[in-house]
Amino acid sequence: MRKNFMKYLRAKDFFNKIAKFYDILMQDMDYKEWAYYIDEIIKKKGKVLDLGCGTGNISKILKEKNYNIFGLDIAINMLKIAKKKGLKNIVNASFYKIPFKSESFDIVISIFDSLNNVKDLNEMKEVFSEIYRVLKIDGIFTFDLNTIYAFKSYWNNLIRVEERSNIFVIWEGSYISPNSCILKITIFQKLKNRLYKKHNFEILEVGFHIDSIIQLLKSLNFRDIIVFEHLSFRKASEKNYRVQFVAKK
Ligand SMILES: C[S@@+](CC[C@H](N)C(=O)[O-])C[C@H]1O[C@@H](n2cnc3c(N)ncnc32)[C@H](O)[C@@H]1O
């Protein structure tokens, strides 16, 4: 199991390969609403680091809202697309080792499951420590996580088939006890002459209990920690599908 677990954790390979389809897969996603929500949480303009910025969908909107945006992602192919959207300050790096000086950002964000790619609390501690380091005093860190409940009750045994522009997509999810989920995506890409090319992608996401994340943030001296049900300002519960954390340095 351990070996398989490691195999699924290759987020870099997964996102590099799926990059060319990513924005088609996400075309129904309301990134404007999402960016509006983040803007409401942050409430102050400043220098923002978007960790796991991917193809830059949130960064682009926040940039238009006059934030000074820097993006970081481990998958270079995702960043190439972000660059085409006019994002200039982007770096190809891992959030385990953030290549910026201490206390250089007013805000750090991580959107849309990026931190569900972290394997366990020990690794999350490494990531949070890096975030703490690059934040200025009073800086804000906000991020979302898919919950274990979402893996068990939404993703488990899920099969969804969709047709989008030039692809057919099959989404399959399986909950892996106690806290993870394997997501398989099969894409049939329409070629000329009625031919299709098949692509398979697989990734493992890891869920965390809300309290364990709060305790971890506290242990690293983050303060004023609040957790919302995603896209709302209601108090989060373990029975939400996605939750949004906000903390201050
Ligand atoms: C689901 S995508 C979200 C992308 C973007 N935030 C969005 O809202 O569309 C997760 C992103 O996290 C990135 N990622 C995963 N592990 C990472 C790591 N260790 N360091 C930096 N980025 C990582 C992936 O490459 C991918 O672009």
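**Close-up 1. Right-handed crossing of helices H6 and H8.** In this predicted model, helix H6 and helix H8 cross in a right-handed sense. Helix H6 spans residues 121–134 and helix H8 spans residues 210–219. Their axes come within 10 Å and cross at roughly 45°.

**Close-up 2. Residues in the contact of H6 with H8.** From H6, the contact is made by Leu121, Met124, Lys125 and Phe128. From H8, Ser212, Leu216 and Leu217 take part. By class, the residues of this contact divide into 5 nonpolar, 1 polar and 1 charged.

**Close-up 3. Right-handed crossing of helices H3 and H4.** Helix H3 passes helix H4 in a right-handed crossing. Helix H3 consists of residues 31–42, and helix H4 of residues 57–64. The two axes come within 9 Å and cross at roughly 60°. H3 is therefore oblique to H4.

**Close-up 4. Residues in the contact of H3 with H4.** Helix H3 contributes Tyr31, Lys32, Trp34, Ala35 and Ile38 to the contact. Helix H4 contributes Asn57, Ile58, Ile61 and Leu62. Sorted by class, the contact of H3 with H4 has 7 nonpolar residues, 1 polar residue and 1 charged residue.

Notes
Residues numbered from 1 in each chain as written. Predicted model: local features only at pLDDT ≥ 70, side-chain atom pairs only at ≥ 80, totals over all residues. Axes fitted to C-alpha atoms, helices over the stretch in contact; angles between N-to-C directions. Helix = DSSP H or I, 4+ residues; strand = E, 2+ residues; numbered from the N terminus. Left-handed = near helix turned anticlockwise from the far one by under 90°. Contact = placed C-beta atoms within 7 Å. Nonpolar A, V, L, I, M, F, W, Y, C, P; charged D, E, K, R; others polar. Parallel < 35°, antiparallel > 145°, perpendicular 65-115°, else oblique.
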